[in-house]
Amino acid sequence: MESKRIFEAQKNISVEIAVHISELDFALDEYLGGFERKDFFTFGDSEKRDKLYKQAYYRFMSGIAELLSSLEDSFARLSSLLISADESAELDMLSLIGAKLGAYRVFEESLKGFASATQNAISKDNISPTLLVNEARRLKLAIEELKRNINNA
């Protein structure tokens, strides 16, 4: 009976997580859509362009803050289920939930790498849109990997 309760709870939390991940993916796509192709070939200093990219970056980061907090809360609840599965010696659930938590840890590292690299780039003059786009694409890959692990685990 405990196994079924844990399975259903992890299933519901996983659906929640999948929704949060999809929202994050959508927000990242919108952020990526704001880059102008012509800016990739501009080599002069452009204060106006820098200002636009800083505004877009900070709008994106502040827009996903609540979403990331909700995602973290969902994974915290999943972590609590891991404890229940351990106490009940539910080996299948331990493996399933452990795989999802492991995937989240990998995603967190990618998110930290994105935030660090982009914050460093944004704090300088003559912002490189190529660097911002490359970092955003790396984050997108991490999001897709997390989505795969949540849906397939």
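In this predicted model, helices α1 and α2 run roughly antiparallel to each other, a label given to angles over 145 degrees, whereas angles under 35 degrees count as roughly parallel, 65 to 115 as roughly perpendicular and the rest as oblique. Because the model is predicted, local features need pLDDT of at least 70 and side-chain atom pairs count only at pLDDT 80 or more, while totals for chains, interfaces and linings use all residues. Residues are numbered from 1 along each chain as its sequence is written, and side-chain values use heavy atoms, with hydrogens and water left out.

**The pair α1 and α2**

- Two packed helices are described by the angle between their axes and by the distance between the axes.
- Helix α1 covers residues 2-33 and helix α2 covers residues 47-87; helices here are DSSP runs (H or I, at least four residues), numbered from the N terminus.
- Their axes come within 10 Å and cross at roughly 170 degrees, where axes are lines fitted to C-alpha atoms over the stretch in contact and angles run from 0 to 180 degrees between N-to-C directions.
- The crossing of α1 past α2 is left-handed, which means that the near helix is turned anticlockwise from the far one by less than a right angle.
- The residues of the contact between α1 and α2 divide into 20 nonpolar, five polar and five charged, with Ala, Val, Leu, Ile, Met, Phe, Trp, Tyr, Cys and Pro counted as nonpolar, Asp, Glu, Lys and Arg as charged, and the others, Gly among them, as polar.

**Salt bridges**

- The structure holds seven salt bridges, each being a side-chain nitrogen of Lys or Arg within 4 Å of a carboxyl oxygen of Asp or Glu.
- One of them pairs K147 with D25, whose closest N and O atoms are 3.2 Å apart, and this pair links distant parts of the chain, since K147 is in helix α4 (residues 129-152) and D25 is in helix α1, 122 residues apart.
- D25 is buried at 9% relative accessible area, whereas K147 is partly exposed at 24%; buried means under 20%, exposed over 50% and partly exposed in between, for a 1.4 Å probe and protein chains only.
- Another salt bridge joins the side chains of D29 and K140, at 2.8 Å from N to O, and because D29 lies in helix α1 and K140 in helix α4, the pair ties together parts that are 111 residues apart in sequence.
- D29 is partly exposed with a relative accessible area of 36%, while K140 is buried at 17%.
- R138 and E135 also form a salt bridge, with their closest N and O atoms 2.6 Å apart, and both lie in helix α4, three residues apart, which is about one turn of the helix.
- E135 is buried, at 15% relative accessibility.
- Salt bridges that share partners join D25, D29, K140 and K147 into one network.

**Two residues and their neighbours**

- K147, in helix α4, touches I21, S22 and D25, leaving aside residues up to four places away in sequence; contact means heavy atoms within 4.5 Å.
- The C-alpha atoms of K147 and V19 are separated by 9.6 Å, although these residues are 128 residues apart along the chain.
- H20 lies in helix α1 and is buried, with a relative accessible area of 14%.
- With residues up to four places away in sequence again not counted, H20 touches L67, S70, L71 and S74.

Note on methods:
Helices (H or I, at least four residues) and strands (E, at least two) are DSSP runs, numbered from the N terminus.
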